[in-house]
Amino acid sequence: MKLSLNVRRSLTVFSHYKRSLAYMFSLVFHLIALTLMVVSIYNFVHGLLTDFADIVTLIIRTINTLVISLAMYELGVGVGKEYSTVKKGETIFQNTRRTITRFVGTVCIALVLEALIMIIKYSQLDLAGNLYYPVGIIVACSFLLFALGGFLQLTAHVE
């Protein structure tokens, strides 16, 4: 009986530690996202006031920074949801599958948005010869999603 009480206490302490770190990392990612958003808006307004002729590049840079900010925000939300709650009856395999799925999904969204921004940027600047970079990113994201689907299929029946 005494051993089980000590085990419960250590699990409770670990759970509080895990939640505290999750909130801390979530807060850090949210602060980075907010900082990037403020810097992006500042750079956009400053660019409009100083050099209005280069509006296309200014808009592309702003969108690029905002996409990175969105990815940081999504990462903060994901960390906050995944690690701050205690789920009863969940195995390590279920937790790993859910965490990997969320992370790979977030990475793929950020990379595809970045590739689309590169396509717009290169087409606006008449740099069609550089389009193989964003195409390579999109192909790599497709492979990453295909690998994620294989991983989820192979681990579907693991308990």
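Start by selecting Leu 27, Leu 31, Leu 34, Met 37, Val 38, Ile 41, Val 45, Leu 49 and Leu 66: together they form a nonpolar patch on the surface, with about 830 Å² of accessible area. The model on your screen is predicted.

**Stop 1: the patch and helix α1**

Now colour helix α1, residues 2–50. This helix supplies the largest share of the nonpolar patch, 8 residues.

Select Leu 34, one of the patch residues, and find its place in helix α1. Is Leu 34 buried, partly exposed or exposed? Its relative accessibility is 46%.

**Stop 2: Thr 62 in helix α2**

Move to helix α2, which covers residues 55–84, and select Thr 62 within it. Its relative accessible area is 12%, so Thr 62 is buried. Which residues does Thr 62 touch, leaving aside those up to four places away in sequence? Show Ser 40 and Phe 44: Thr 62 is in contact with both.

**Stop 3: helix α4**

Next, select residues 132–154, which make up helix α4. With 23 residues, the helix reaches 32 Å from its first C-alpha to its last. That is close to the 33 Å expected at 1.5 Å a residue. Which residues of α4 are buried? Pick out Pro 134, Cys 141 and Leu 148.

**Stop 4: two tyrosines**

How many aromatic pairs does the structure hold? There is 1. To see this pair, show the side chains of Tyr 132 and Tyr 133; their rings are 4.5 Å apart, centre to centre. The angle between the planes is 40°, and the pair is tilted. Tyr 132 counts as exposed, at 51% relative accessibility, whereas Tyr 133, at 44%, counts as partly exposed.

**Stop 5: the whole protein**

Clear the selection and zoom out. The protein has 4 helices and 0 strands, and along the sequence the pattern reads α-α-α-α. Of its 159 residues, 21% are buried. The protein exposes about 11,100 Å², with carbon and sulfur atoms supplying 73% of that area.

Finally, consider the contacts in the protein with a separation of 6 or more: residues 24 or more positions apart account for 71% of them. The contact partners at Stop 2, Thr 62 with Ser 40 and Phe 44, can be shown again here.

Conventions: Residues are numbered from 1 along each chain as its sequence is written. This is a predicted model: local features need pLDDT of at least 70, side-chain atom pairs count only at pLDDT 80 or more; totals for chains, interfaces and linings use all residues. Side-chain values use heavy atoms; hydrogens and water are left out. Helices (H or I, at least four residues) and strands (E, at least two) are DSSP runs, numbered from the N terminus. Buried means under 20% relative accessible area, exposed over 50%, partly exposed in between (1.4 Å probe, protein chains only). Contact means heavy atoms within 4.5 Å. Accessible areas come from the Shrake-Rupley method with a 1.4 Å probe; for residues, only the protein chains shown count as cover. Patches are made of residues with over 30% relative accessible area and no salt bridge: like charges are joined within 9 Å, nonpolar side chains (Val, Leu, Ile, Met, Phe, Trp, Tyr) within 5 Å. A salt bridge is a side-chain nitrogen of Lys or Arg within 4 Å of a carboxyl oxygen of Asp or Glu. The expected span of a helix is 1.5 Å times one less than its number of residues. Rings of Phe, Tyr and Trp (its six-membered ring) pair if their centres lie within 6.5 Å; planes under 30 degrees apart count as stacked, over 60 as edge-to-face and the rest as tilted.
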